[in-house]
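Here is a friendly walk through one protein model, a few spots at a time. Keep the sequence and the 3D view open as you read.

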Amino acid sequence: MMSKAQKIEKAPLQWSELPFGYVKTDFNVRYYYENGAWSRGDLVADESITMHMAAPCLHYGQEAFEGLKVFETHDGRIVAFRLDENQKRLQKSCERIFTPIVPPDMFRDAVHRVVRANAKFVPPFGTGASLYVRPLILGMGARIGLGPADEYLFLVMATPVGPYYKGGFKAVKAMVVEEFDRAAPLGVGDCKVGGNYAAGLRGEIYGKKKGYPIVLYLDPKEKRYLDEFSTSNFIGIKGNTYVTPHSESILPSVTNKSLSQLAADMGMTVERRPIDVAELPEFDEVGAVGTAAVITPVNLIHYRDRDYTYGSGDDAGPVITKLYNHLSKIRTGEIEDKFNWLDEVEV
Ligand SMILES: Cc1ncc(COP(=O)(O)O)c(C=O)c1O
């Protein structure tokens, strides 16, 4: 029997060919915060936002966002992956930059509403594509002196994105950038706020110009420990051990948290601790982990005048491949969701 989701006529898109880019969908959902309370939220078709030119999000970067994915499972359900973790992380960002928080029920409701309204854009199972959901909170209203805004907009938009790897894994080269930092020692590196990404552009472009698609930052205080890549966490595999940095200046990745749990469940030792840059030669496999790709295998890291190599050429090593396949199949319901990571959206 066909599920409700399978009966929905899908948008005419080349799902497997979609880039990680913006594709127009039908609706976004918007909640306004005024006089200390959130509105009930409205679904709107408008893709633009009107705000005062003196809005604090524009001048002072009082803005935070999230990113999560929604999938059609093999048996035709529509599921969001670890939505509660994204809500918790957004809450932390909100507290840090003094915006009102988005409570768990409101966050879940907003994501469900936007997914339901755009159900025809949830890519069919088997295409490798997904619906990327981007919640966003903005400090609005007019304010010139530095201070938190009086009014806010919480918006959730959704856009279908293609499979990250179109023809199998593709390993990338990375370089350690010491010339620039993306975060400050007691700054907001552990929050998902726009300013971190503006700060990271310089290092990112610097690395790309030198021929490295991704860059790896060191801790901004001592420049001694591994921090993270520009938009993904670092994981290193050493024999049967999964190692990932403990640092106050990196974004706590939901993917990393999930992979760590899977690794432990597979009998690996999981270490979350400071990783001295001198340890780079000791890893068998290295990955950059995040929602967009799950794991991007890193086959080379350039640090000062040395190159360290990992995995097997253009392919990922066996442990990263296994972790990648496992997590990918949980997200599409092909492997049992024993940790309860999937939240079903009724369409
Ligand atoms: C700076 C940074 N680190 C790590 C990640 C990976 O986090 P997640 O697995 O929650 O997508 C992201 C992406 O959100 C990021 O922007």
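## Helix 6 and helix 7

Helix 6 (residues 254-265) and helix 7 (residues 318-331) have axes that come within 10 Å and cross at roughly 110°. That makes helix 6 roughly perpendicular to helix 7; the word covers angles of 65 to 115 degrees, while under 35 counts as roughly parallel, over 145 as roughly antiparallel and the rest as oblique. Axes here are lines fitted to C-alpha atoms, for helices over the stretch in contact, and the angles run from 0 to 180 degrees between N-to-C directions. Helices (H or I, at least four residues) and strands (E, at least two) are DSSP runs, numbered from the N terminus.

On the helix 6 side, Thr255, Ser258, Leu259, Leu262 and Ala263 meet Leu323, His326, Leu327 and Ile330 of helix 7. Sorted by type, the residues of this contact are 6 nonpolar, 3 polar and no charged. Contact means heavy atoms within 4.5 Å. For the types, Ala, Val, Leu, Ile, Met, Phe, Trp, Tyr, Cys and Pro count as nonpolar, Asp, Glu, Lys and Arg as charged, and the others, Gly among them, as polar.

## A word on the model

What you're looking at is a predicted model, where local features need pLDDT of at least 70 and side-chain atom pairs count only at pLDDT 80 or more, while totals for chains, interfaces and linings use all residues. Residues are numbered from 1 along each chain as its sequence is written, and side-chain values use heavy atoms, with hydrogens and water left out.

## Helix 3 and helix 4

Now for another helix pair. Helix 3 (residues 83-96) packs against helix 4 (residues 104-117) at an angle of about 125°, with the axes 10 Å apart. The two are therefore oblique to each other, and their crossing is right-handed.

Which residues of helix 3 and helix 4 meet? Leu83, Asn86, Gln87 and Leu90 come from helix 3, and Pro104, Phe107, Arg108, Val111 and His112 from helix 4. That contact splits into 5 nonpolar, 3 polar and 1 charged.

Is strand 7 (residues 130-140) mostly buried or exposed? 10 of its 11 residues are buried, so strand 7 is largely enclosed by the rest of the structure. Buried means under 20% relative accessible area, exposed over 50%, and partly exposed in between (1.4 Å probe, protein chains only).

Strand 7 runs antiparallel to strand 8 (residues 151-161), joined by 11 bridges, and Pro135 has Val156 in strand 8 as its bridge partner. Strand 5 (residues 68-72) is also antiparallel to strand 7, with 3 bridges; there, Lys69 is partnered with Tyr132. Strand 4 (residues 63-65) pairs with strand 7 in the antiparallel sense over 3 bridges, and Glu63 stands opposite Leu138. Two strands pair if DSSP finds at least two bridges between them.

## A hairpin and two positive phi values

Strand 16 (residues 294-303) and strand 17 (residues 306-309) pair in the antiparallel sense over 4 bridges, with Tyr303 opposite Arg306. This hairpin has 2 residues between its strands, and Arg304 takes a positive phi near 55° there. Arg304 is exposed, at 54% relative accessibility.

Most residues other than glycine have a negative phi. Asn340 also has a positive phi, of about 65°, although it is not a glycine. You'll find Asn340 in the loop between helix 7 and strand 18 (342-344), where it is exposed, with a relative accessible area of 64%.

Lys173 sits in strand 9 (residues 172-177) and counts as partly exposed at 38% relative accessibility. Ile214 is 41 residues away along the chain, but the C-alpha atoms of Lys173 and Ile214 are separated by 6.9 Å. Leaving aside neighbours within four places in sequence, the contacts of Lys173 include Ile214, Asn299 and Leu300.

Met53 lies in the loop between strand 3 (42-44) and helix 2 (56-59) and is exposed at 69% relative accessibility. The C-alpha atoms of Met53 and Ala11, 42 residues apart along the chain, are 36 Å apart. Ser3, in the segment before helix 1 (4-7), counts as buried at 17% relative accessibility. Beyond neighbours within four places in sequence, Ser3 touches Asp75 and Gly76.

Notes. Left-handed = near helix turned anticlockwise from the far one by under 90°.
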